[in-house]
Amino acid sequence: MSPELNVREKQEVTVGTAETTSDRPMFSPVVDIWETETGLMLMADMPGVAPEDLSLDLQDNTLTLSGRVSPPPEGRKILSREFGVGNFYRQFSLADNIDQASITAALKDGVLKLELPRVAPAQPRKIEIKTDETKPA
Amino acid sequence: MSLFRVLPKGDRFGLPFWELEKMRDHMETIYNALAGGVSQIRKNYTGVFPLVNLAEDDEHLYLTAELPGVAADHLEVSVKADTLSLRGEIRHSEAGDEVNYHRRERESGSFRRTLALPVKVDMERIDATFKNGVLTVTMPKATEAKAHHIAIKTE
């Protein structure tokens, strides 16, 4: 039997100094990051984010995850609210040894899975030395 | 709001005013819970996973819970009389414990939660959907629990 889960509150974040136009809160997704043989694996919980509403930005070694969560349909009256609903946002700075061009991402059931492969180490290469003998006569 | 209050002695108007004040406090609590943002969550924080939101319209009750990464076949929703139970398991088996974690914030484990529904629902027509890691249970209100709009006749 696995251990019982405990409640963890969603972490609200403020992004930059600019105010957002919406009055909805913004949350920081919880993540797991671990090392694999080929690089890093990142998993982030972003419940309510559809694949088309997720955006991943990579700029100057900064990886930005942002996910839009659709507001609940109009006309519903809230009876009790235990968690807030809003968009997700979190930034990570990547180490130089990450091969930025081959990062892959998948989103399933509100969980984002990012594979961040390391740059392949330089392969040892034998350099052939040309001698006069190989020169055509 | 304190549980006990000292009544002003010898004031014969004490009791009714106290009652009014109590009522106002109560209204304020309800208002805050409804209108407040995230900062208000702590107030109705239950300490039991998963946290749920409950909403209604004229016809339905809607329960939502965020359960990212739960497989639908590891999730069980049941309604009995006016009690709803949610149980399931979150498994993150992707990496073992042996791997080198840089961050480990997500948790896994089993959960079980039972909550009382505020109105009677039509058990035959309850609908549960799990989309993008969010569970939504749509429960049609039982006929006797629906709001009846009464037409006012004029003469």
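In strand E2 of chain B, B:Leu61 is the bridge partner of B:Glu56. That contact belongs to the pairing of strand E1 (residues 52-56) with strand E2 (residues 60-66), both of chain B, which run antiparallel over 5 bridges. Two strands are taken to pair if DSSP finds at least two bridges between them. Strands here are DSSP runs of E with at least two residues, helices are runs of H or I with at least four, and numbering starts from the N terminus.

Zoom out and you get an open sheet of 5 strands, ordered E7(A)-E1(B)-E2(B)-E8(B)-E7(B), with antiparallel pairing. The edges are strand E7 (77-81) of chain A and strand E7 (127-131) of chain B; each has a single partner strand, so one side of each is left without a neighbour in the sheet. From one strand to the next, the twist averages 20 degrees (axes are lines fitted to C-alpha atoms, for helices over the stretch in contact, and angles between N-to-C directions run from 0 to 180 degrees). As background, strands of a sheet pair through backbone hydrogen bonds, either parallel or antiparallel.

## About the model

This is a predicted model: local features need pLDDT of at least 70 and side-chain atom pairs count only at pLDDT 80 or more, while totals for chains, interfaces and linings use all residues. Residues are numbered from 1 along each chain as its sequence is written, with chains lettered from A and ligands numbered from 1 in the order in which they are written.

## The two chains

Chain A has 0 helices and 10 strands. Chain B has 1 helix and 8 strands, and its pattern along the sequence is α-β-β-β-β-β-β-β-β.

How much is buried? For chain A, 24% of its 137 residues; for chain B, 17% of its 155. Buried means 20 or more other C-beta atoms within 10 Å of a residue's own, exposed means 12 or fewer, and partly exposed is in between, with C-beta atoms placed from the backbone.

Contacts are residue pairs whose C-beta atoms, placed from the backbone, lie within 7 Å. Among those in chain A between residues at least 6 apart in sequence, 49% join residues at least 24 apart. In chain B, 50% of the contacts with a separation of 6 or more come from residues 24 or more positions apart.

## A loop with positive phi

The loop between strand E5 (49-59) and strand E6 (62-69) of chain A holds A:Asp60, and A:Asn61 sits in the loop between E5 and E6 too. A:Asp60 is not a glycine, yet its phi is positive at about 45 degrees. A:Asn61, also not a glycine, has a positive phi of about 65 degrees.

Buried or exposed? A:Asp60 is exposed, with 6 other C-beta atoms within 10 Å. A:Asn61 counts as exposed with 12 C-beta neighbours inside 10 Å.

Definitions and conventions. Two residues are in contact if their C-beta atoms, placed from the backbone, lie within 7 Å.
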